[in-house]
Amino acid sequence: MSNLSIRAGGEPDQAFMNIEPTTQTAAALPFTLIDSHCHLHAEEYQGVVPQILANAAQAGVRQIVTLGTDCTSSAAAVALAAAYRPVFACVGVHPEEAAGFDEGVLACIAELARKEKVVAIGEIGLDYVCSGITAAEQQRVFSRQLALAKELNLPVVIHDRNAHGDIAACIRKAGHLPRGGVMHCFSGDLRLAQEMAERGFMIAFSGVLTFKNAALLREVARALDLSHLMLETDSPYLTPVPYRGKRNEPARLVHTARMLADLKGLPLAEVARRTTANTCKIFHLPEAALS
Ligand SMILES: [Zn+2]
């Protein structure tokens, strides 16, 4: 979250402007994917965003949703969406960044959320492993942002790490969220997935689905109806098999898509088409741009 390629409030670097990833190879691919969750502002991508987008297009990933985790990186996400046609942004405060969350931070997120190409409030949620902030404080920050999403009529993108019960409790307490949301990098059980699906949420799977030790998660993916499922990389994190240990990027989404297709016993093109449609539906992305 340091060394941002594009700084809050500043003009995007000229070198990053007007890049149209080559679609030559992508046009020949029999599928189109959307990376519904990544962090293009990450230090790992500094100076190479155009290359990352070109790689993605060549691998059939035609749209990318990039998420902020605090005010600064949310502003960077908005700037990236403004600079690159295939990129859309989410703005929010991650539970690991929740220290010092006050009315000023909330106002910053609210202002960014009204910018063009902002498609959701996220990522927000609870992290009972990595966050040094108390559960009660995380729940306060999470609930304020759920209320903001409701007020702005936007969906939410939820980070849930070892906090399944409290995530569900906060969402129940927030009442009806008209635009629903996404359970990002889902790690819960089938019951949680089904409850969230009933509340209008999509269940998104990352590269973790390909990990050797993820048998239970694969069972959840197998059991859920494809109408509730989405795909994501969470890059630069969570590189799928067979590239574990290497830097992740949106172009690697196809490996997770292929795993889901295998679990469903469906052709890759069908899984790509359905998950892409689900992503367009929840985020109101322009489907026409994909054809
Ligand atoms: Zn993330």
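**Zinc site walk-through**

Q: Which residues coordinate the zinc ion?
A: This is a predicted model. In it, the zinc ion is coordinated by His 37 (NE2), His 39 (NE2), Glu 123 (OE) and Asp 234 (OD), at 2.1 to 2.4 Å.

Q: What is the spacing of the donor residues in sequence?
A: The pattern is H-x1-H-x83-E-x110-D. His 39 and Glu 123 link distant parts of the chain, 84 residues apart. His 39 sits in the loop between strand S1 (33–38) and helix H2 (49–58), and Glu 123 in strand S4 (residues 118–127).

Q: And the site of the zinc ion, what are the angles among its four donor atoms?
A: They run from 85 to 177°, and the site is irregular.

Q: What does UniProt list for "binding site"?
A: An unreviewed UniProt entry lists His 37, His 39, Glu 123 and Asp 234. They are spread over 198 residues of sequence but cluster in space, with a largest C-alpha distance of 10.9 Å.

Q: Is His 39 buried or exposed?
A: Buried, because its relative accessibility is 4%, under the 20% cut-off.

Q: Switching to side chains. Which side chain does His 39 make a polar contact with?
A: That of His 37, at 3.3 Å.

Q: Which side chain makes a polar contact with the side chain of Glu 123?
A: His 159, at 3.1 Å. Beyond four places in sequence, Glu 123 also touches residues including His 94, Val 157 and His 184.

Note on methods
Residues numbered from 1 in each chain as written. Predicted model: local features only at pLDDT ≥ 70, side-chain atom pairs only at ≥ 80, totals over all residues. Heavy atoms only, no water. Donors = N, O, S within 2.8 Å, 3.2 Å for Na, K, Ca; no water. Tetrahedral: all angles 85-135°; square planar, octahedral: opposite > 155°, others 65-115°. Helix = DSSP H or I, 4+ residues; strand = E, 2+ residues; numbered from the N terminus. Buried < 20%, exposed > 50% of the residue type's maximum accessible area, 1.4 Å probe, protein only. UniProt positions renumbered as here; feature names shortened; annotations may be inferred. Polar contact = N/O pair within 3.5 Å; in protein donor to acceptor, adjacent residues only side chain to side chain. Contact = heavy atoms within 4.5 Å.
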